[in-house]
Amino acid sequence: MKTCETCTHRVEIGRHYKEQPVWIRGIGMVLVYLPIITLPFVFLSAYLTYYHLRMMGAKNIKTLSDFLPNRSSHRYTLKDQITMDASFKGSTSQYKLFWILNCTWYCPVSVALFEWHAYMVKIVENWWCPFGHDKKDGYMEGAIDQSFWHVYPHDKAKLNPEDRDNPIWNEGFSSENKPNS
């Protein structure tokens, strides 16, 4: 389950945007692009996680491309990209290339990369630590056939029944058979 699917509230941003001083919004614009310098490290971390899972024997792991939107699904191309009226002479919002680079490359790739990485971290957590906590239901997106603790019967027997029989990391146990707490 993705985080956005569990949201019970809506973030308020549009109704407060114009109240922000222009200089604050300008700094905010810089801050949205500074994470670009971290993307190589996030890619590295994601691929290290991917190969860790593969080396543990994992199969059927989604890849980054599974999280990227199909290029043909984007509404605009450089030819018909809409732009905004410039609020000042040097505003990048008046250029088609700015919106194409942001809306078809930077944002979707960033979201896909972080979703893919979060998906794999949930798999890692389910594999190594099949121990319940109040946020564990949110790890269902990273469901696995069995955890490390389920591989060896003598270790599986040590688990609390709710951990031993949890369908997130135990393929053979359905939520219908889950014991009452």
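Student: Which helices each supply at least two residues of the lining of the largest pocket?
Tutor: This is a predicted model. The largest pocket holds about 630 Å³ of space. Its lining has 21 residues, and the closest to the centre are Tyr17, Met29, Ser91, Thr92 and Ser93. The helices that each give at least two lining residues are helix 2 (22-33) and helix 4.

Student: How do the residues of that lining divide into nonpolar, polar and charged?
Tutor: Take the lining of the largest pocket by class. Two of its residues are charged and seven are polar. The nonpolar count is 12.

Student: Which helix gives the largest share of the lining of the second largest pocket?
Tutor: The second largest pocket has a volume of about 320 Å³. It is lined by 15 residues, with Gly57, Ala58, Lys59, Ile144 and Asp145 nearest its centre. They divide into 10 nonpolar, three polar and two charged. The largest share, three residues, comes from helix 4.

Student: Now the surface. Which helix gives the largest share of the nonpolar patch?
Tutor: The patch covers about 800 Å² and includes Tyr47, Tyr51, Trp128 and Phe148. Two elements give two or more residues to it, helix 3 (39-55) and helix 5 (148-151). The largest share is three residues, and it comes from helix 3.

Technical notes. Residues numbered from 1 in each chain as written. Predicted model: local features only at pLDDT ≥ 70, side-chain atom pairs only at ≥ 80, totals over all residues. Heavy atoms only, no water. Patch = residues over 30% accessible without salt bridge, like charges linked within 9 Å, V, L, I, M, F, W, Y side chains within 5 Å. Areas by Shrake-Rupley, 256 points an atom, 1.4 Å probe, with all protein chains shown as cover. Salt bridge = Lys/Arg side-chain N within 4 Å of Asp/Glu carboxyl O. Helix = DSSP H or I, 4+ residues; strand = E, 2+ residues; numbered from the N terminus. 1 Å grid on protein atoms, 1.4 Å probe; cavity = no way out; pocket = protein on both sides within 12 Å on 5 of 7 lines; lining within 4 Å. Points joined across faces, edges and corners; volume = space filled by probe spheres on them. Nonpolar A, V, L, I, M, F, W, Y, C, P; charged D, E, K, R; others polar.
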